[in-house]
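Trainee: I have just opened this entry and would like to go through it with you. May I ask as we go?

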Amino acid sequence: MADRVLVIGSGGREHALAWKLAQSPHVKHVFVAPGNAGTADNGKISNSAVLVSNHTIVTQFCKDHNIGLVLVGQEALLAAGIVDDLRAAGVRCFGPSAKAAQLASNTSFAKAFLDRHGIPTARWKAFTNPQEACSTDFPARVVRARGPAARKEVTIAASKEEACRAVQEIMQDRMFGEMVVIEELLQGEELSCSCFTDGVTIASMPPAQAHKRLLDGDQGPNTGGMGAYCPVPQVLQSSSS
């Protein structure tokens, strides 16, 4: 493990990564860029003002501060290819390439990938025309903007009128992008099953469940996440898992 580690991002995910990394005796210091209040001057953890959108500046920061490993949590930067650029400059970096990051940052790419490989997913269609988008005949609709900056912008529409309003905000007003993906709404529990892989070996994490709706009782608008918990009581635990 590297003596000095750089975590890129500013959310709770990066806070958790920095907090856990700082507990390792192999880590001398954890820089977080840009970080947040929880990662500011906290023992072995400190924030950095390095301009993370400029990959050349980040690369130079890593070389100037003898950073042995970079972990990228911010999804827009992953989609922009920061991992590719850092690795090309000889900086060790944990995170997917820009091509692989499309599975999280590009909804239409991810849905097409699922269809192509026979992985079950909700029925869907992608649109660049708002009038055509409003004509979908799914009984219940999930309206998603496309693109890394808009991945969290999801509207669960109970009616065609509500779906059309979401489409107008995304496409006609250009708030989040010029393409929209409309999916059939699937009912049931939603879980996240994450894993680590080096391209050959897979190490799975326990399933987790995020609080997506703004209000108690799964009410209110959808959010990017209001926290999460693990283990999940809906999933039976076994000694072999």
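Predicted model: local features only at pLDDT ≥ 70, side-chain atom pairs only at ≥ 80, totals over all residues.

Trainee: Which residues of helix α6 are buried?

Mentor: In α6, which spans residues 107-116, the buried ones are T107, S108, A110 and K111. They lie on the same side of α6, because they cover an arc of only 160 degrees around the axis.

Trainee: Why do residues three or four places apart in an α-helix point the same way?

Mentor: An α-helix has 3.6 residues a turn, so residues with that spacing point the same way.

Trainee: What follows α6?

Mentor: G118 follows, and its phi is positive, near 70 degrees.

Trainee: Let me step back. How is the chain divided into domains?

Mentor: Domain 1 covers 3-100, domain 2 covers 106-184 and domain 3 covers 192-229. Between the C-alpha centres of domain 1 and domain 2 the distance is 32 Å.

Trainee: What does the UniProt annotation say about residues 4-103?

Mentor: The unreviewed UniProt entry annotates them as "domain: Phosphoribosylglycinamide synthetase N-terminal". Over that stretch the chain is 39% helix and 21% strand, with its end C-alpha atoms 30 Å apart.

Trainee: What is V70 in contact with, leaving aside its neighbours within four places in sequence?

Mentor: V70 is then in contact with L6, I8, C62, L86, V91, R92, C93 and F94.

Trainee: Now T39. Is it buried or exposed?

Mentor: T39 counts as buried because its relative accessibility is 0%, and buried means under 20%. T39 sits in the loop between β2 and β3 (45-47). Beyond its neighbours within four places in sequence, T39 is in contact with H15, A18, V32, I45, S46 and N47.

Trainee: Last one: where is A166 found?

Mentor: A166 is in helix α8, residues 160-172. With 5% relative accessibility, A166 also counts as buried. Not counting residues up to four places away in sequence, A166 touches V143 and T155.

Definitions and conventions: Residues numbered from 1 in each chain as written. Heavy atoms only, no water. Domains from an automatic or database assignment. Contact = heavy atoms within 4.5 Å. UniProt positions renumbered as here; feature names shortened; annotations may be inferred. Helix = DSSP H or I, 4+ residues; strand = E, 2+ residues; numbered from the N terminus. Buried < 20%, exposed > 50% of the residue type's maximum accessible area, 1.4 Å probe, protein only. Arc of directions from axis to C-beta.
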